[in-house]
Amino acid sequence: RRVAPGRAMKDGNKMAYDRAAGRVQQSVAGRIRNAEERLRRLLADPVPQPPEPLRFTLASPKGGSLHGTVLEATGVTVTGRLAPTDVTVKAGERLLITGPNGTGKSTLLTVLAGRLAPDTGQVTRRGRIGHLPQEPAPGRPGETVLQAFARGLPGHPDEHTETLLALGLFTPDRLTARVTDLSTGQRQRLALARLLSRPSDVLLLDEPTNHLSPSLIEDVEQALADYPGTILLVSHDRRLRTRWTGTHLPLPLHSPADPPGNANGEPTPA
């Protein structure tokens, strides 16, 4: 304010004018150095890019989407866990499975996923199936988050660091944490990350919003809404069930005294 380029001296005192100009130049130079230092720090440690929206992808190539029946179970039973049940699911269908505790909802999904052989009945599957169990796996001894995420993928685990971080489910410092030391919510995030990174034609989701934060639940719901494939969902989440737009398969509770019978035939509209 006291000295500016091109401003004439008011009193002809050149020495005073030069002293004031020198102070201004020092101040300006100091501000420039401070700005350059702030810029250097920002460039050295930049704010990370926001993660991409969560997205489930199809395994079928473009133009090769599945058609017709993708899952069919006929008279499948698991002793003490699942009464005789028939299910037919077509490509692109969204099926909500409900029923009281003990009706075998989780067991049915496990059978459909091929992780449990039924005692009776037959299951036919088409396409690649992605399964999210109700409770995340405890982890293998000594395995880190990154190693567990990359298990089954080609290449070295370090090659998949960027892919995992891009999901926004883990910070860089958590990638070296052992899975056995994670909380249930963090292990659920890991299971979700593995499912998101592996394309599937059919998603079998057992309580997918359990152990997740409210903001992450919204991201998962949006990812499911955008997914063009087939979804079979078990959930007690009232909000998710209220907003469900697909069909509905209720499983009745069978007591030991009940005669064997079909739990349900074709899915009924919600």
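Trainee: Let's start with helix 6, residues 214–226. How far apart are its end C-alpha atoms, and what span should we expect?
Mentor: Keep in mind that this is a predicted model. Helix 6 has 13 residues, so at 1.5 Å a residue it should span 18 Å. Its end C-alpha atoms are 19 Å apart, which agrees.

Trainee: Okay. Which residues of helix 6 are buried?
Mentor: Those are Leu216, Ile217, Val220, Glu221, Ala223 and Leu224. Looking down the axis of helix 6, you'd find them within an arc of 160°, so they line one face of the helix.

Trainee: Why would residues a few places apart point the same way?
Mentor: An α-helix has 3.6 residues a turn, so residues three or four places apart point the same way.

Trainee: And what's exposed on the other side of helix 6?
Mentor: Pro214, Ala225 and Asp226 are exposed there.

Trainee: So what covers the buried residues of helix 6?
Mentor: The cover includes three strands: strand 3 (94–98), strand 6 (202–206) and strand 7 (230–234). Helix 5 (184–196) and helix 7 (238–242) are also part of that cover.

Trainee: Let's move to Thr209. Where is it?
Mentor: Thr209 sits in the loop between strand 6 and helix 6.

Trainee: Is Thr209 buried or exposed?
Mentor: Buried, because its relative accessibility is 7%, and the cut-off for buried is under 20%.

Trainee: What is Thr209 in contact with, leaving aside neighbours within four places in sequence?
Mentor: Ile217, Asp237 and Leu240. Ile217 is also one of the buried residues of helix 6.

Trainee: Now Asp206, in strand 6. What's the nearest side chain of opposite charge?
Mentor: That's Lys105, 7.4 Å away. Asp206 is buried yet has no salt bridge.

Trainee: Which side chain does Asp206 have a polar contact with, then?
Mentor: Ser106, at 2.5 Å. Leaving aside sequence neighbours within four places, Asp206 is in contact with Ser106, Leu109, Leu132, Pro133, Gln134 and Val234.

Trainee: Last one: where is Leu153?
Mentor: Leu153 is in the loop between helix 3 (145–150) and helix 4 (161–166). At 23% relative accessibility, Leu153 counts as partly exposed.

Trainee: What does Leu153 touch, not counting residues up to four places away in sequence?
Mentor: His160 and Arg198. Also, the C-alpha atoms of Leu153 and Ser197 are separated by 9.6 Å, with the two residues 44 apart along the chain.

Terms used
Residues are numbered from 1 along each chain as its sequence is written. This is a predicted model: local features need pLDDT of at least 70, side-chain atom pairs count only at pLDDT 80 or more; totals for chains, interfaces and linings use all residues. Side-chain values use heavy atoms; hydrogens and water are left out. Helices (H or I, at least four residues) and strands (E, at least two) are DSSP runs, numbered from the N terminus. The expected span of a helix is 1.5 Å times one less than its number of residues. Buried means under 20% relative accessible area, exposed over 50%, partly exposed in between (1.4 Å probe, protein chains only). The arc is that of the directions from the helix axis to the C-beta atoms. Contact means heavy atoms within 4.5 Å. Lys and Arg count as positive and Asp and Glu as negative; His and the chain ends are not counted. A salt bridge is a side-chain nitrogen of Lys or Arg within 4 Å of a carboxyl oxygen of Asp or Glu. A polar contact is a pair of N or O atoms within 3.5 Å; within protein, one must be able to donate a hydrogen and the other to accept it, and residues adjacent in sequence count only if both atoms are side-chain atoms.
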